[in-house]
Amino acid sequence: MILVDIQNDFLPGGALAVPEGNQIIPIVNQLQEKYELIVATQDFHPPHHKSFATNHPGKKPGEIITLNGLEQILWPVHCVRNSEGADFARELNKEKISKVFTKGTDPEIDSYSGFYDNGHLKATGLGDYLEKKKVKKVIIVGLAADYCVKYTALDAIAANLSAMVVEDATRAVNLQQGDFEKAMDQMRASGVQVLKSSKLLNT
Ligand code: VGL
Ligand code: ZN
């Protein structure tokens, strides 16, 4: 099971708040009881990260730039390494997390997927770790559905893993209305199984 970026800055009140992001946590905690291997990703940026609008004079969050040849959405300052905003949500059960993979640590490139940066240049180690543990199937939950969850799921499929995303255990930033559904459709089209937690919890 992969817990994607369940961090304070992505919760309501946080720097890059995902609407209702907090509502996934009780479901995520319940699901954790069902799976033996649990890993987490953590968005973990240096203060001068180039995905932050503040590091581009005159630019605002939501604007799009080209960063080292890649399209980059500019974000508010969020998940700065070793800040409270980057910490895992207080209510999240962390006891079963066997390993944390940080991402977005290079100031020059963003990293939505838990496996690779957005240029697929450097691996986080998650792929190798899952391979070593002989994992064939992953269940993905967390924030945000239209960015880090989506790209993590697509990279899981690309790594020949069977991938499930629990639709009520994720929420979208929804910069544009409908981004949640778009993300679900794109994942389904790539072979990701999108399902509800009740299917897994037998509730
Ligand atoms: C995320 C935008 C910027 C995410 C991280 O976790 O979905 N989105 N950094
Ligand atoms: Zn980020």
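How many disulfides does the structure hold? The count is zero, and this is a predicted model. The close-ups below start with the cysteines.

**View 1. Cys79 and Cys148, two cysteines with no bond between them.** A disulfide is a covalent bond between the sulfur atoms of two cysteines. Cys79 takes part in none, and the nearest cysteine sulfur belongs to Cys148, 8.7 Å away. Because buried means under 20% relative accessible area, Cys79 at 0% counts as buried. Cys148 is buried too, at 6%.

**View 2. Helices H3 and H4, packed together.** Two packed helices are described by the angle between their axes and the distance between the axes. Here H3 covers residues 145–158 and H4 covers residues 179–189; the angle is about 5°, and the axes lie 10 Å apart.

**View 3. The contact of H3 with H4, residue by residue.** On the H3 side, look for Ala145, Asp146, Val149, Lys150, Ala153 and Leu154. H4 brings Asp179, Phe180, Ala183, Met184, Gln186 and Met187. Sort the residues of this contact by type and you get eight nonpolar, one polar and three charged.

**View 4. The largest nonpolar core, with 62 residues.** In soluble globular proteins, nonpolar side chains tend to be buried together. In this core, the residues with the most contacts inside it are Ile2, Leu3, Val28, Leu31, Leu130, Val138 and Ile140. H3 gives the most to the core, with seven residues.

**View 5. Val28 and what it touches.** Leaving aside residues up to four places away in sequence, Val28 touches Met1, Leu3, Ile6, Leu92, Val141 and Ala169.

Notes:
Residues are numbered from 1 along each chain as its sequence is written. Chains are lettered from A and ligands numbered from 1 in the order in which they are written. This is a predicted model: local features need pLDDT of at least 70, side-chain atom pairs count only at pLDDT 80 or more; totals for chains, interfaces and linings use all residues. Side-chain values use heavy atoms; hydrogens and water are left out. Axes are lines fitted to C-alpha atoms, for helices over the stretch in contact, and angles run from 0 to 180 degrees between N-to-C directions. Helices (H or I, at least four residues) and strands (E, at least two) are DSSP runs, numbered from the N terminus. Contact means heavy atoms within 4.5 Å. Ala, Val, Leu, Ile, Met, Phe, Trp, Tyr, Cys and Pro count as nonpolar, Asp, Glu, Lys and Arg as charged, and the others, Gly among them, as polar. A disulfide is a pair of cysteine sulfur atoms within 2.5 Å. Buried means under 20% relative accessible area, exposed over 50%, partly exposed in between (1.4 Å probe, protein chains only). A nonpolar core is a set of buried Ala, Val, Leu, Ile, Met, Phe, Trp, Tyr and Cys residues joined through side-chain atoms within 4.5 Å.
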